[in-house]
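Here are my notes on the helix packing and the ligand site. Have the structure open while you read.

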Amino acid sequence: MATQVATTTYADLGLFIGGKWLGAGGRQISPVINPATEEVIGTLPCASTADLDHALAAAEQGFKAWRAIFPDERGRIMKRAADLLRERKEEIARIATTESGKVIHETRIEVMMSANIFEWYAEEGRRAYGRVLPQRAPGTRLTIVKEPVGPVAAFAPWNFPLGNPARKIGAALGAGCSVILKPAEETPASGLAVARCLVDAGLPPNVLAIVYGVPAEISSYLLASPIIRKISFTGSIPVGKQLMKLAAEGMKRTTMELGGHAPVLVFDDVDVDKVLDASVTAKYRNAGQVCVSPTRFYVHEKIYGKFVEGFTERAKAVPVGNGLEEKNKMGPLIHARRLAAIEAFVDDARKSGAKVETGGARLRSPGYFYSPTVLSDVPDKARIMNEEPFGPVAVINPFSDFDSVMKQANKLPYGLAAFAFTNSSRTVKLLGEQLEAGMVGLNTYAISVPESPFGGMKESGHGSEEGIEGLEACLVTKFISEA
Ligand code: NAD
């Protein structure tokens with residue numbers, strides 16, 4: 001619960017519809033809370049159904065206008081927006097840190113990543129190639145063209161408050177679609193800051209709308225409209241399934257980037273310290289609230305003791321605190337619900353027989369801080385071995401042979417990311433072939449660049465963002481046969 005009210009707002013909050021910034025003006029409002037202090041830092045207006053109707057009508061007009069602009073010019077606007085993001089890096093990073101809790105070093109990187117995404121789609125939009133088939137009869141022409149799918153409804157979560165909106169808006173705009181985006185209510189100013197760069201770069205009115213409100217109400221309203229032709233969602237698997245059902249009613253295209261429970265296989269031929277340094281940084285990035293966060297560490301029994309000890313030492317040394325202070329490497333969790341969820345995961349693991357090597361407790365209050373936690377020897381029956389924790393908890397278990405660890409790695413319904421570390425080229429080859437995940441990092445945690453597809457398999461979702469696949473997801477195929 002919020003305990004204090006800040007004296008100044010950190011950013012102007014509102015809706016953006018039909019090229020206009022709209023304030024509270026009689027709309028319902030909801031508080032925005034700084035997760036590091038629990039202060040109310042702003043009030044967010046919620047879109048009414050009239051606002052959503054306005055956004056839908058605008059998206060229909062905006063689609064016609066935007067698809068008529070040649071990709072080259074569309075790209076120029078998107079590249080200008082990328083430049084503005086870079087120019088405004090510090091200001092935007094501070095906004096994102098204030099509302100998400102993520103440390104400033106990470107939000108600065110996220111601003112740059114968002115700029116790179118717009119730049120990638122600006123270029124790739126020019127390459128939405130079709131093809132011409134060889135004739136089967138004289139005088140005929142058989143052509144395949146790619147067209148923008150239509151207005152997109154997109155729903156972005158709070159864990160990458162800038163990067164998630166950039167991915168969703170970038171793909172739609174690059175393909176020639178208009179988009180109505182609902183960023184997370186926890187991190188509204190970040191989505192608005194991205195929108196502002198696009199508007200200042202010359203994006204025509206009606207091409208983009210930003211709305212906020214009760215997530216389930218907004219998504220069901222937008223998905224029921226025949227104007228929307230595609231939805232793009234990043235969030236939890238249960239919500240993804242719900243939205244898939246709504247999309248099915250109107251046979252709308254979907255991109256679903258859902259949760260993960262990434263395994264990390266560490267073989268006995270590695271430089272243990274090097275793997276530990278990379279692993280601890282990756283695990284506690286954004287307090288573990290990352291869909292590709294490394295979570296289930298399976299470590300060869302020969303190096304297991306050393307690995308657990310080294311992980312624990314490093315976890316204890318992670319400076320935790322307000323993300324605006326440069327010295328901190330981990331901030332708070334996003335809201336009180338996540339704090340309770342992580343507590344429940346760790347309590348359950350403890351009761352199941354896991355050993356808490358370090359952490360396992362809330363940190364100081366105010367603020368939704370939880371200590372960087374390491375659990376070892378965690379039984380398979382513990383909830384944390386089966387459900388995505390989405391928090392600062394590393395689970396470490398030993399393994400003895402390749403086949404058994406591969407079985408463990410692939411046994412969950414998740415299939416977003418998987419990682420492994422080994423110096424054996426033969427093992428690397430087998431890992432690439434056998435790990436069931438949309439993104440596989442071998443001897444690295446770096447699995448995302450704008451030109452690579454980001455997405456999962458199994459219940460982690462379908463479709464990819466970024467890469468040529470990200471653009472393709474916003475295009476439809478038309479075959480034209482002329483005689
Ligand atoms: P949550 O399910 O309430 O919300 C997650 C996100 O989905 C939020 O951005 C929310 O606004 C949105 N959302 C929820 N219901 C929606 C609906 N009916 N229509 C449209 N959007 C909707 O959970 P939370 O406590 O905020 O987050 C924790 C869980 O969410 C985690 O367990 C994790 O699995 C998942 N999550 C995943 C990602 C990811 O990158 N895949 C990101 C954030 C959260």
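**Notes on packing and ligand**

1. Helix α3 (residues 89–100) packs on α6 with an angle of about 160° and axes 8 Å apart. That makes α3 and α6 roughly antiparallel, a label for angles over 145 degrees. Axes here are lines fitted to C-alpha atoms, for helices over the stretch in contact, and angles run from 0 to 180 degrees between N-to-C directions. Helices are DSSP runs (H or I, at least four residues) numbered from the N terminus.

2. On the α3 side, I92, I95, A96 and E99 meet P188, A189, S190, A193 and C197 of α6, contact meaning heavy atoms within 4.5 Å. The residues in this α3–α6 contact split into seven nonpolar, one polar and one charged.

3. Before going on, a word on the source: this is a predicted model, where local features need pLDDT of at least 70, side-chain atom pairs count only at pLDDT 80 or more, and totals for chains, interfaces and linings use all residues. Residues are numbered from 1 along each chain as its sequence is written, and side-chain values use heavy atoms, with hydrogens and water left out.

4. Helix α2 (residues 71–87) also packs with α6 (residues 188–200), at about 130° and with axes 8 Å apart. I77, A81, L84 and L85 in α2 meet V194, C197, L198 and D200 in α6.

5. Now the ligand: 25 residues surround it (a heavy atom within 4 Å), the closest being P157, W158, S219, R338 and E388. In the side chain of S219, an N or O atom is 2.8 Å from a ligand nitrogen atom.

Definitions and conventions: Helices (H or I, at least four residues) and strands (E, at least two) are DSSP runs, numbered from the N terminus. A polar contact is a pair of N or O atoms within 3.5 Å; within protein, one must be able to donate a hydrogen and the other to accept it, and residues adjacent in sequence count only if both atoms are side-chain atoms. Angles under 35 degrees count as roughly parallel, over 145 as roughly antiparallel, 65 to 115 as roughly perpendicular and the rest as oblique. Ala, Val, Leu, Ile, Met, Phe, Trp, Tyr, Cys and Pro count as nonpolar, Asp, Glu, Lys and Arg as charged, and the others, Gly among them, as polar.
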